[in-house]
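Trainee: I've got a model open on my screen and I'd like to learn how to read it. Could you walk me through its features one at a time?

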Amino acid sequence: MALPKIETPTYRMDVPSTKKSVEYRPFLVKEEKILLTALEGDEGTSEALMAEITMKIIDTCTFGKLKMDELTMFDIEYLFLNIRSKSRGEIITPRYACVNVIDGERCNEINEVMVDLNTVKVEFPKEDYSKVLLDGDVGIQFKYTTAETLTMIEGEDDVVKKMFMTIVDSIDFIFDAETIYKSSETTKIELVDFIENLNEKQFSEVRKFFDNQPKLKHSTGYKCSKCGYTEDIIFTGLESFFV
């Protein structure tokens, strides 16, 4: 006789980079087992492997409806945070030691800070830095760096090479007054050569796009239960919510 099946609830959320709605479910014991196995490995888990596992879980919990290779890192973090909140609970209570100094000594009282994960959003820059004008009508249109690109370059030790790989993989197209040159139709060698021939001022404009990427961010205040000191706690990135 077949065992009864337990119905799993489904929810909807918007993917931050595209604003498109996607259906999802909480992760189940089988997915949590994969996470725990990775986290408790004897030799630890690399960031690249952890990102790969996280993306596989997101793909499963969104019923394979997303193009995973097109998701940005802030998409991945937001999607996983929402899936996790429906799986383990929407309220988390990270603990912080009070940093207030009284008579030359830190208070150090441990305080719990309550965070409702439903209120956590992706913060976008106030200005759009994705279109960079370089010289006259010549410019670059960038797209948000995908999680796939960041995972691919994770093992690269050369910081400069890593930076150029990220820049080149984030070019959507280069344009002038008459033509659009799609990155998908241009070789990586040509794109690298184009970037390397920018002057310092032009390159600094390119860097603005990468210095102002959207990010998972949340701010909440707390009051020390011992000394009454108040402070705003800023959560930035997925890991900060679970430290």
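Trainee: Let's start with the pockets. How much space lies in the second largest pocket?

Mentor: Keep in mind that this is a predicted model. The second largest pocket holds about 680 Å³ of space.

Trainee: Which residues are the closest to its centre?

Mentor: The lining counts 28 residues, and Lys67, Asp69, Glu70, Leu71 and Thr146 are the closest to the centre of this pocket.

Trainee: And which helix gives the largest share of the lining of the second largest pocket?

Mentor: That's helix 4, with 3 residues. Strand 2, helix 4 (147-152), helix 5 (159-169) and helix 6 (188-196) each supply at least two residues of that lining.

Trainee: Let me click on Glu70. Where does Glu70 lie?

Mentor: Look in the loop between helix 2 (47-61) and helix 3.

Trainee: Now sheets. How do I read one, and in what order do the strands come here?

Mentor: The general idea is that strands of a sheet pair through backbone hydrogen bonds, either parallel or antiparallel. In this case 3 strands form an open sheet in the order 9-14-15, with antiparallel pairing. Strand 9 (121-123) and strand 15 (230-236) are at the edges; each has a single partner strand, so one side of each has no neighbour in the sheet. From one strand to the next, the twist averages 45°.

Trainee: How many bridges join strand 9 to strand 14?

Mentor: There are 3 bridges between strand 9 and strand 14 (residues 215-223). To find your place, look for Val122, which stands opposite Leu216 in strand 14. Helix 3 (residues 73-88) packs on the sheet and touches strand 9 and strand 14, with its direction at about 50° to that of strand 14.

Trainee: Which side chains of strand 14 are buried?

Mentor: The general idea first: in a regular strand the side chains alternate between the two faces of the sheet. In strand 14, Leu216, His218, Thr220 and Tyr222 point to one face and are buried.

Trainee: Next, the inside. Which residues have the most contacts inside the largest nonpolar core?

Mentor: Leu79, Val115, Leu216 and Phe241 do, in a core of 38 residues. Strand 2 (21-24), helix 2, helix 3, strand 14 and strand 15 each supply at least two residues of this core. Helix 3 gives the most, with 7 residues.

Trainee: Which residues is Leu79 in contact with, leaving aside its neighbours within four places in sequence?

Mentor: Leu79 is in contact with Met13, Val15, Val22, Ile58, Leu66 and Leu71. There's also a second, separate core of 16 residues, including Phe164, Ile171, Leu191 and Leu198.

Trainee: You showed me a glycine with a positive phi. Where is Phe63, whose phi is also positive?

Mentor: Phe63 is in the loop between helix 2 and helix 3, and its phi is near 60°. At a relative accessible area of 38%, Phe63 is partly exposed.

Trainee: And what is the phi of Asn108?

Mentor: Asn108 has a positive phi of about 65°, although it is not a glycine. You'll find Asn108 in the loop between strand 6 (105-106) and strand 7 (110-112). With 41% relative accessible area, Asn108 is partly exposed.

Technical notes
Residues numbered from 1 in each chain as written. Predicted model: local features only at pLDDT ≥ 70, side-chain atom pairs only at ≥ 80, totals over all residues. Heavy atoms only, no water. Pairing = 2+ DSSP bridges. Helix = DSSP H or I, 4+ residues; strand = E, 2+ residues; numbered from the N terminus. Axes fitted to C-alpha atoms, helices over the stretch in contact; angles between N-to-C directions. Contact = heavy atoms within 4.5 Å. Core = buried A, V, L, I, M, F, W, Y, C linked by side-chain atoms within 4.5 Å. Buried < 20%, exposed > 50% of the residue type's maximum accessible area, 1.4 Å probe, protein only. 1 Å grid on protein atoms, 1.4 Å probe; cavity = no way out; pocket = protein on both sides within 12 Å on 5 of 7 lines; lining within 4 Å. Points joined across faces, edges and corners; volume = space filled by probe spheres on them.
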